[in-house]
Amino acid sequence: MSRFSILARLVFLSAVLLAVLFATNVFLSRQLARDAQILTEEARVVSIIKAANAANRSFGDLKYWLTDLAVSLLVRSEIKAREAEAALEEQLAGLESYDPETVAFVRQEVDALMEQAIMAVDAYTDDQRVLGNSLMARARTHITAVDERLADLVNRLETDAVSRTNATLRATSRAVDLSRIMVVAAVLVGLGLTILILRSITTPLRKLVGAMTAITEGNLNVPIPEQSHDEIGAMARTLGLFRDSLLERNRLEAEREKADAERRKAQARLVEAIEVITEGFALYDANDRLVICNSRYREMYADVPIAIQPGVAYRDVIAAAAESGVISEARGRIDDWLENRMAIHLHPGEPYEHQRTDGQWLKISERKTDDGGIVGVFTDITDLKTREAQLGELVDSLAQARDQAMQATRTKSQFLANMSHELRTPLNAVIGITEMLQEDAEDLGQDDFIEPLGRIHDAGNHLLHLINQVLDLSKIEAGRLQLHIEEFDLGALIGNVVATAEPLAAKNRNKLTTDCPDDIGMIHADVTQVRQIVLNLLSNACKFTEDGDVTLDVEREKAEPLDRIRVSVRDTGIGMTPGQQEKLFEEFTQADSSTTRRYGGTGLGLAISQRLARLMGGDIEVVSAPGVGSTFTVWIPVEVTAPEDEEEAAEENLKRLANTVTVEGRPGKARSDVVLVVDDDPTVRDLMQRALSRDGFRVVTAESGEEGLRLAKELNPFVITLDVLMPGLDGWGVLQRLQQDPETASIPVVMLTILDDRNRGYALGAADYLIKPFDREQMGRVLTKYRSDAEQCALVVEDDQATREMLRRLLIGDGWKAETAENGRVALDLLKERKPDLILLDLIMPEMDGFEFLAALRDMPEYRNVPVVVVTAADLTEDDHRRLNGGVERILPKAAYDREQLLDELRELIGDMAVRRSPVGEKTG
Amino acid sequence: MPGKTWTVGLAMLAALAAGTGTAFADAEEERIALSLADLLRSARTVISSNQNLINDPSIGDKGLSGDVVVARTLEIYRKNTGLDPLAMDDTSRQGRFLRAQLAAIKEVMDENQATVNQPGVDFKGFVPAVFARLVNERFGEKMGREAEVKVTAPLELVRNRKSRPDKLEAATIRDKFLSPEWPNGQILAIESSKDNRQAFRVLVPEYYGQGCLTCHGMPKDEVDITGYPKEGGKLGDLGGVISITLFR
């Protein structure tokens, strides 16, 4: 039973009782329905009896009135007789269903009676008394017959009614007995079930109450009654939980008492600790009332007439101190000082110091507690103040010494800058001139000079390299190396460095492999220094490996706080011992002296690289084994952080540079000296070929529009002559496409056609419009004009004659016309003669240096957009960068490149310049 | 009271009869018929006026012999009509009919002396209507081949089956005398047939006088002195019809 809930049990009990009740009701209802049917039938019989009796009465009335009529002849009697007859008929109709035979018989007899009686009455009315009597005698026979049948009917009905009544009484009595039995049975079943269910509830409930009473009396070990599945089971479980919680509470209470004891102990220790603090200590509550303090604190206010005890307000303490003259600052301005002191006290920040009139200095360190109170430590700093005064004097003397040292450093820096310029300028000249001499010797077949010149060249390079490195290291050590942070494409830089290193790899027959993801992306660092580090590692790997593999891996790594770039250079070279690795990054150190002898080098490269890497927030590590090879790994953050002012300057430079390039730049290549003749007529092509060749032009011909377009892109001619009427793509179509293609849009197009449609030609972008037949002189004049327009002019401003000459030759070799100036002043004069398309500018020059020249140039609106490339041997400081103020196209530090690299850079740059200077949209004619 | 009523009714009847414009023969027939009605009414008035005497149980001989009643009847008749039936030609139809009617009155009264003079019985059932029916029956016995006099009424008012209206009477009462358009007191004289014989028939409406209402008035169905329920009639309602048939 306990498997079911109490509710389920009660529902079951109710259901059983309801079922019994329902069954009893059904039985009684059916019995009643049956009785009702019997009663209905009985009532019907009674009503029939009534009808029979009524018929009997009506027939009596009929007999009476007929008799009365016969005697009185009154109409009223006849009416009454008719009424009685009608009433009789009505009664007979009610009896018809019960005994139709008798009814039919009675009707027949009554009809006969009426007929005879009325006939008799009529006879009486007509005074035929004898006849009337005879007829009435006949009528009486019918009366007798009806009387007998009606009496018989009534008798039968009464017998039937009595038997039915008896049957009903018997059935009712039986039903009553049966219903009594059913009620008794239902009561017994309900009682039994009720007792059973109540016992299933009360028994466990009593046990549960017993357990509750025991728990209430404190007996927590009392057993909890067995837990059933019903509500009492739930109560038992809850009681169990309650008992467990009481046990847990008792346990926690014991623990709390233990903890309280420990807390009291700790509090006592804390009070003791506060007491032994040599500084004054005080804790004020949120209402600024003293909670606790130590003896030292009380001593500090010993001369103040106020009792330092818990509950005293801080304001009262310091007010008493100020008024008693203890506080020096408060003299004469007690209120102001008090307000100021309270403001500091209530909003504590930095430690507060003040001096007392007895010369004692106090440092008051106050902090807010979480509950709004204030804890203060009052330290006697009189000795400290004394020492501070002494230290101040010392600092002054040190500052003086520092200024002197900084002056010396500036002098040294200036010296180093001068040295770098003075040393590297002649060396560049020596190297450049040597190269020229080598070329001349090769051209003149003077082979004896080639080898010595090569040695001079190598020695010069080695010396230049050594000087550069010594100067770099010197700057790093002096902290003068300033990073020039900018955003650049790391992939492009890696490609450039690998291209530079490939000859070195090839020299020792090494295989150089690069693994750099295409999406390595942009980083924010000093591009020159990154380049130098990677190139140094690659150079070393190539130098110390022969017939091996050099692998360059570049990856972007996740790191905190910033991602970083990892560059690994792995070689299969000679490798290093652990001892060698320890000294690897020390200045002027190689693996050992024999290494220097065998492989050359200054031993500064790795030291400089490591310092540069660290300067940018990265580092270099090495893993190596002798005879196996080495792996150098350098990490550089993707966002190198520079000092704030440097960063801003670099950012500004970058923006200016970006703006300049956006306005003027468009990639392309230098214009050739070719004239492209596009004409479908072979005679015209031949004629043009001969005539223009004699006038000194290189001529290429195209016989169709399509061929003309292709050759225009391939040859980049300085001018195109174009016929209009051609099969396929005609001249107008060619002209439109040339104008739409950025690569060819700037090439002047001279229309040469028999069509006189100049307006259309110029509208489509033609530069000139000539009508056939072909006039050789006119064509020559026009082409000469465009040839001179196409010639790009560059101005080299360089005080070193050898470098100046080298740059000039470089420009001429690339199809430029080059002017030279030995300083800024001369350059400004030359500008007046012709506006150059490009200026290559040295910075350190006599009379007017590059900075001054650039400032003057930018002051002249017509020259403001002339691109300027700075090519300098000087080491530019951040201040120098700021002075240049982004007004230059590019800065090429000679120290970062050898001659060939510098020339490559320049070639690429001036190639871009040539394209940019092309007069897009500017047409003659 | 009843005598006064009947007198008024006869006066009206005479006036109405004078207004009928029939052919001369018909006028003679009508005159004869009306005289029979007048004489019957006169005799009935005698009985009516002596009703209390007749109903007096303390008096034995009431003195209402046949001759006495005939004499009082003639007196009333003469007074109402100015005619004397005994002075008429006894061979004429009117003279014969009136004399036969007088003889019937005398015989009925004489034959019912025992009833009228029965002491100790108050109401003896000898009322004007019963008297008139008996007179008419005796007249029929005497002159049945030539003439009949009958007092009938609307069927619902007829108490004795012998007074039930025949078809003509019933139709006349229903369609004419009870019609609101029928002038009050106007008779109907019509050539018709009865019992398969040609006849001249005169129907004279009679209306309830105050005396009639003692037995025929309100409240309806209350049993009157004769033991019959009252019909609920009102003063002036059609109470009966004297139907005279003169066979041709």
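Across all chains, the structure holds 68 salt bridges, a salt bridge being a side-chain nitrogen of Lys or Arg within 4 Å of a carboxyl oxygen of Asp or Glu. This is a predicted model, in which local features need pLDDT of at least 70 and side-chain atom pairs count only at pLDDT 80 or more, while totals for chains, interfaces and linings use all residues. Residues are numbered from 1 along each chain as its sequence is written, chains are lettered from A and ligands numbered from 1 in the order in which they are written, and side-chain values use heavy atoms, with hydrogens and water left out.

**Stop 1: chain B as a whole**

Following the sequence, the order is α-α-α-α-α-α-α-β-α-β-β-α-β. Of the 248 residues in chain B, 49% are buried, where buried means under 20% relative accessible area, exposed over 50%, and partly exposed in between (1.4 Å probe, protein chains only).

**Stop 2: a strand-to-strand pair in chain B**

Now show the side chains of B:Glu148 and B:Lys194, which form a salt bridge with N and O 2.7 Å apart. B:Glu148 sits in strand β1 (residues 147–152) and B:Lys194 in strand β2 (residues 188–194), so the pair links parts of chain B that are 46 residues apart. B:Glu148 is partly exposed at 24% relative accessibility, whereas B:Lys194 is buried at 12%.

For another pair, pick B:Asp175 and B:Arg174, whose salt bridge has an N to O distance of 3.2 Å. Here B:Asp175 is partly exposed, with a relative accessible area of 47%, and B:Arg174 is exposed, at 55%. Then select B:Glu107, B:Glu111, B:Arg138, B:Glu141 and B:Lys142 together: salt bridges with shared partners join them into one network.

**Stop 3: where the chains meet**

Show both chains and look at the interface. How many residues of each chain are in contact? There are 12 from chain A and eight from chain B, with contact meaning heavy atoms within 4.5 Å. Color A:Val75, A:Arg76 and A:Thr125, which supply 50% of the area that chain A buries against chain B, more than any other three residues. The two chains bury about 910 Å² between them, 54% of it on carbon and sulfur atoms; buried area is the accessible area (1.4 Å probe) that two parts lose on being put together, summed over both.

Four salt bridges cross this interface. To see one of them, select B:Arg161 and A:Glu78, with their closest N and O atoms 2.9 Å apart. On the chain A side, α1 (6–72), α2 (75–95) and α3 (100–125) each give two or more residues, and α3(A) provides the largest share, four residues.

**Stop 4: inside chain A**

Move to A:Glu366 and A:Arg341, joined by a salt bridge of 2.9 Å, N to O. A:Glu366 lies in strand β4 and A:Arg341 in helix α8 (residues 334–346) of chain A, 25 residues apart. Both residues are buried.

Finish at A:Gln360, in the loop between β3 (352–355) and β4 (361–368) of chain A. Is A:Gln360 buried or exposed? A:Gln360 is buried, with a relative accessible area of 14%. Leaving aside residues up to four places away in sequence, A:Gln360 touches A:Arg296, A:His354, A:Gln355, A:Asp380 and A:Thr382.
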